[in-house]
Amino acid sequence: MTLLTNTELDELGVCEVVSAYFVEPPRHVKPCDDGIINTTYLLQFNDGRQCILQQLNTLFDEATVTDFQAVSTHLAQRGRIVQRLIPTIGNKPCYRDSAGNLWRALSYIAGTEAPEHMTESQLVSVGKLLGGLHESLSSFTYKPTFTIPNFHDTGFYARTLGTIRKQVLDPALQRMADDCLAAHTYLELPPAPMQLIHGDPRTTNIVFDTHTELASCYIDFDTLMYGSPWVDIGDLIRSISGNSDQTQEKFSIGSVQAIMQGYILARPQIAPAHEEALRLSLTSLQVISIELTIRFLIDTVQDYYFGWDNTLFQSRKDNNIARANAQLAIYRKATEYLSGI
């Protein structure tokens with residue numbers, strides 16, 4: 001991360017926001033490059049304190065902050081490591097600047113990002129972390145006041161793809177779209193009681209302990225939603241079945257087994273046996289990987305939603321084609337394994 005000058009901070013509107021939160025200004029402000037939705041900065045103070053300052057995407061509003069305050073308080077009361085909101089000097093949970101941008105400040109949790117190649121013990125710890133999170137949230141009856149429209153609604157995405165399919169001019173992409181729409185007609189998440197879930201439990205939203213190198217806590221609860229825990233399980237497994245850029249398939253049944261071993265340690269009631277848990281998790285992986293394939297295909301036409309890497313691809317469409325191919329490959333690997341058990 002590169003330090004920002006005062007001029008740069010002023011141009012970005014950060015100086016105004018910092019003054020709304022802190023009497024003493026930070027010594028250093030560094031942009032964090034690991035987010036593609038919100039704009040995030042790490043603030044370091046002379047007394048050694050660190051915190052996160054975040055400009056929220058226009059997709060979110062004050063209700064997002066209200067939801068996070070509720071869920072973080074609940075999780076902290078149950079002994080879970082979780083970021084906490086830092087109020088403004090005026091004791092407000094968030095701040096809207098003179099340009100209309102919404103900001104929040106969060107406590108900083110020291111740790112490392114998920115390694116590209118995880119050991120079995122790390123994978124078990126990841127599954128255990130998600131299982132523990134679900135267990136803590138299962139007793140929380142809070143209803144989020146903010147929801148992303150149609151988020152994880154695979155039926156909505158399938159209908160959208162069906163509507164724009166004729167705009168997919170590449171014959172190979174048309175065949176991919178047809179395969180996804182056909183698969184969607186018979187795929188269904190395993191039954192489970194509905195509850196609060198994270199909504200985006202990929203390994204990129206997990207902090208790993210610096211000393212133990214095991215999964216420590218989840219961050220980024222902006223996608224908090226009421227839904228099936230199998231949505232989170234399928235999405236977590238999807239994230240470890242591909243590279244961090246979501247452009248390459250690296251499915252491993254051993255990784256799936258390790259994830260579910262950890263999950264069951266924290267939440268044994270999810271399935272009567274490891275074999276059944278494995279089958280249900282692969283079914284969930286099928287659903288979520290098809291959902292993401294469909295979403296990436298939609299954006300090859302709509303060309304606006306997902307960020308893209310202009311150092312590796314010539315266009316957002318090319319990046320989304322690579323992502324769609326990888327997600328479909330994950331789906332096929334899961335389907336192949338399921339057919340043999």
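Colleague: What makes you say that strand β2 (residues 39-44) and β3 pair?

Modeller: Two strands count as paired if DSSP finds at least two bridges between them, and β2 and β3 run in the antiparallel sense over six bridges, so they meet that condition. The strands themselves are DSSP runs of E of at least two residues, while helices are runs of H or I of at least four, both numbered from the N terminus. Please keep in mind that this is a predicted model, in which local features need pLDDT of at least 70, side-chain atom pairs count only at pLDDT 80 or more, and totals for chains, interfaces and linings use all residues. Residues are numbered from 1 along each chain as its sequence is written, and side-chain values use heavy atoms, leaving out hydrogens and water.

Colleague: Which residue in β3 is the bridge partner of leucine 43, and what lies between the two strands?

Modeller: The partner of leucine 43 is cysteine 51. β2 and β3 form a hairpin with five residues between them, and glycine 48 in the turn has a positive phi of about 95°.

Colleague: With which strand does β3 pair over five bridges?

Modeller: That strand is β6 (residues 102-107), again in the antiparallel sense, and isoleucine 52 stands opposite leucine 106 in β6.

Colleague: Why is leucine 59 called partly exposed?

Modeller: Buried means under 20% relative accessible area and exposed means over 50%, with partly exposed in between (1.4 Å probe, protein chains only); leucine 59 has 37%, so the middle class applies. Leucine 59 is found in the loop between β3 (50-55) and α3 (62-77), whereas β3 is mostly covered, with five of its six residues buried.

Colleague: Where is glutamate 213, and why is it put in the partly exposed class?

Modeller: Glutamate 213 belongs to the loop between β8 (206-208) and β9 (215-218), and its relative accessible area is 49%, therefore it counts as partly exposed. Its phi is near 65°, a positive value in a residue other than glycine.

Colleague: How do you know what span helix α7 (residues 229-240) should have?

Modeller: The expected span is 1.5 Å times one less than the number of residues, so the 12 residues of α7 should span 16 Å, and the end C-alpha atoms, 17 Å apart, agree with this.

Colleague: How many residues of α7 are buried?

Modeller: In α7, 12 of its 12 residues are buried, which is why the helix is called mostly covered; among them are Trp230, Asp232 and Arg238.
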